[in-house]
Amino acid sequence: MEFLARESYLTDFFLLLLVAIIFPVHLAVADLACNATERELLSNAFASVAGFDISLLLPNATCRTDVPRPPSLPLQEIRLPSRNLRGTVSWMVLRNISSLRVLDLSGNALRGSIPAGFWSAPGLDELNLSRNRLGGPVGYVPASGLLRPSTLRALNLSGNRFTNTVRLSGFPRLTVLDLSQNNLRLLPLGIGRLAQLERLDISGCNISGDAKPLAGLRSLRYLDASRNRMSGSFPDDFPPMVGLKFLNISFNNFTGKVTPEQIQRFGVSAFAKAGVVTGASSSPLPEKRRGQEKKKRKRPGRALVWGMASSAALLFVLAIAVVAACIRCRRRTLRKTIMEKNWTGMMRAPASRRAGKRSSGKAVLDMEAGATVSPPWVAELTAGGAVTLAAAVVMFEKPLMQLTFSELAAATSGFGVESQLAEGRRSGPVYRAVLPGELDVVVKVLGKARDVEAAEARAAFQDLGGLKHSNILPLLGYCIAGREKLLLYEYMDNGDLHRWLHELPAAGCTDLDDWSTDTWEHPGGAARGTDAAALPAKEATAMGWGTRHRIALGIARGLAFLHHAGSRPVVHGHLVPSNVLLDEELEPRIADFGTGGGGDGSTEEDVYCYGSVLVELLTGRVASPETVAWVRGLAKGKEAARCLDPRLRRHARRLSESEEERAEKEMVEALRVAFLCTAESPEKRPSMRQVVGLLKDVRDTTVFSDRVTPQVGSPFPTFRL
């Protein structure tokens, strides 16, 4: 019996050992099957996307069954921002990854439309598709048995090509929504039903119509509706002001009245050109006390009256002088004290608001409502006290305008991310501000100039402020606060040339890529291709040859002015389309010269950069070294016409046959000018004066006047920040 019992124990032991061996193998095979499924889904979903590398998402994925490896969790996050992805995603295939919670494909060149079925992907919590070329409708209307309500909490579609067909009734759980910089034209349908929405950004969407649907957003804490054409009554048609931590309704057509408390809370820039009537209610001061006191007094003697009157007159004159001086001093001190307190309070925001939310290992889209994040250098200036905060802003054209660094800080929300226009990696970050008198400006912080002496910087700014030409962006003023140097420029609504060439849909076509599978929708629901009627008039003509030639000639004139107008040439050093701004008439303004270390370059290098910009204008392609070499090869072989932007050809076909032929010849001649400017040997490149002459010969420019106004003898500085 003892032997049988021992044998039973041995049998149980071997059975347990066998289970222990088989079970991990089973787990490994199941895990491999799971990764193989995800690998197949990802490969199919991104099959038409150039630049996609699956190893970035599944580094451990393998098809070998004989290689042991640790088990991995299901794929929950896809984060591929700014990876130069180009093409079309198969969204419905991507939807089948049921474990996916976070999808970030921002800052790429993805195109096409998103089918309605994708929005109801199970478990998807955060979606960031900002700064792509996506278009078509957004959202859906959930129907019983067909599509479930979306689980999305954070949705960022800013900087795309979405139209006014946006339906939000299927997104009941949204807390963050960013639709800014799209051509929506109308408020999204169902937006007033988003009961949980805390942050909403619909700025720059060309929206017209009543803002009343926004009144239903009771949980809203952050609202940016600026840069639209919306109407309605403020604050009746808006969410409760008590719950809002950030508000910007500038540049709209609202009616109503803004209280002093609201101006103090949200800032003057929040209501600039919003159409609302600003002001504070006032009540008349009582005027009866003096009269009552006179009635109580008895009439004194005449001599005594004359003596008292003369003494009182003398004292009264002296008192007026003293009181006037005290009031003036008090106003200055009070303004500085208030600005310092507000600014210090802004900088003492809770650390949790500055750092952003992180919970359960999931990263949100850094869009927490009401967060104000200021750069470290602002805290350093705040620690410097009232003297630093009161640093004067020097305005060249408005010398009587008294501004301080504190007021710049208030107008830019503490130089926070909500006011930042660009990072400015070359010379420093750029912010937008609306100053008193509704002066819309751009503030550039020269991060690389902290070690430059104040006197040297002041002299350089004075010289830069003296450069006046219709094709360069003038310097309006500057501020030196502590070690920080800030420059003020005019704000340009139309943005830069890069945006107009690559980010806006062009009239009569879509893009250089094949968009044959994409659909765009009219407000009535019919599918269409992008046409001129769908765009504002300026955008509809921006890509024509006449406009592009005018832009090319304007840039050449501005650069020629910098090179040849003074006794010393001003070298730009980094002329690219993003440094060419466009005014209301699409006239180019060269920006970012003399502030980013470009002084170490040469005029010949500037000419090469100009040739690259001209290549980009004529081909519609980003002027990489490979693109420039390709264009030069075709131009040398007399095949330059093959390089032309297809959008230019489509515009030319609207002309008569003879005009179309002439336009193509002019474009080819302009490409030859680019060929000369990009010569490998610097000594073989023409001067910018010669380039201006060549471009004038390419196309009749008698309708344009050469508005160069050089300041003879102006010793342009060799110092560059």
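Trainee: What makes β20 and β25 a pair in this predicted model?

Mentor: Three bridges join strand β20 (residues 392–395) to β25. Pairing needs at least two bridges, so the two strands count as paired. They run antiparallel.

Trainee: Why is strand β25 called largely enclosed?

Mentor: Count its buried residues. Seven of the seven residues of β25 (residues 475–481) are buried, so the rest of the structure largely encloses it. Buried here means under 20% relative accessible area.

Trainee: Which strand does β25 pair with over six bridges?

Mentor: Strand β26 (residues 484–490), in the antiparallel sense. There, the bridge partner of G477 is L488.

Trainee: What do β25 and β26 form, and what lies between them?

Mentor: A hairpin, with two residues between the strands. In the turn, G482 has a positive phi of about 65 degrees.

Trainee: What makes β2 and β15 edge strands?

Mentor: Start with the sheet. It is open and has eight strands, in the order β2-β4-β6-β8-β10-β11-β13-β15, with parallel pairing. The strands β2 (77–79) and β15 (246–248) each pair on one side only, and that puts them at the edges. On average, neighbouring strands of this sheet are turned by 10 degrees against each other, direction ignored.

Trainee: How many bridges pair β6 with β8?

Mentor: Three, in the parallel sense, between β6 (residues 126–128) and β8 (residues 154–156). N128 stands opposite N156 in β8.

Trainee: How do you know what span to expect for helix α17?

Mentor: Helix α17 (residues 657–677) has 21 residues. The expected span is 1.5 Å times one less than the number of residues.

Trainee: Which residues of α17 are buried, and what do they pack against?

Mentor: The buried residues are A663, E666, M667, V668, A670, L671, V673, A674 and C677. They pack against α13 (545–564), α14 (603–619), α15 (625–636), α16 (646–652) and α18 (688–698).

Trainee: Why does S231 count as partly exposed?

Mentor: S231 has 29% relative accessibility. Buried is under 20% and exposed is over 50%; partly exposed lies in between. So S231 counts as partly exposed. Its place is in strand β14 (residues 229–234).

Trainee: What does S231 contact, leaving aside its neighbours within four places in sequence?

Mentor: G209, D210, A211, N253 and F254. Take A211: S231 and A211 are 20 residues apart in sequence, and 6.2 Å apart in space, C-alpha to C-alpha.

How values were computed: Residues numbered from 1 in each chain as written. Predicted model: local features only at pLDDT ≥ 70, side-chain atom pairs only at ≥ 80, totals over all residues. Heavy atoms only, no water. Buried < 20%, exposed > 50% of the residue type's maximum accessible area, 1.4 Å probe, protein only. Helix = DSSP H or I, 4+ residues; strand = E, 2+ residues; numbered from the N terminus. Axes fitted to C-alpha atoms, helices over the stretch in contact; angles between N-to-C directions. Contact = heavy atoms within 4.5 Å.
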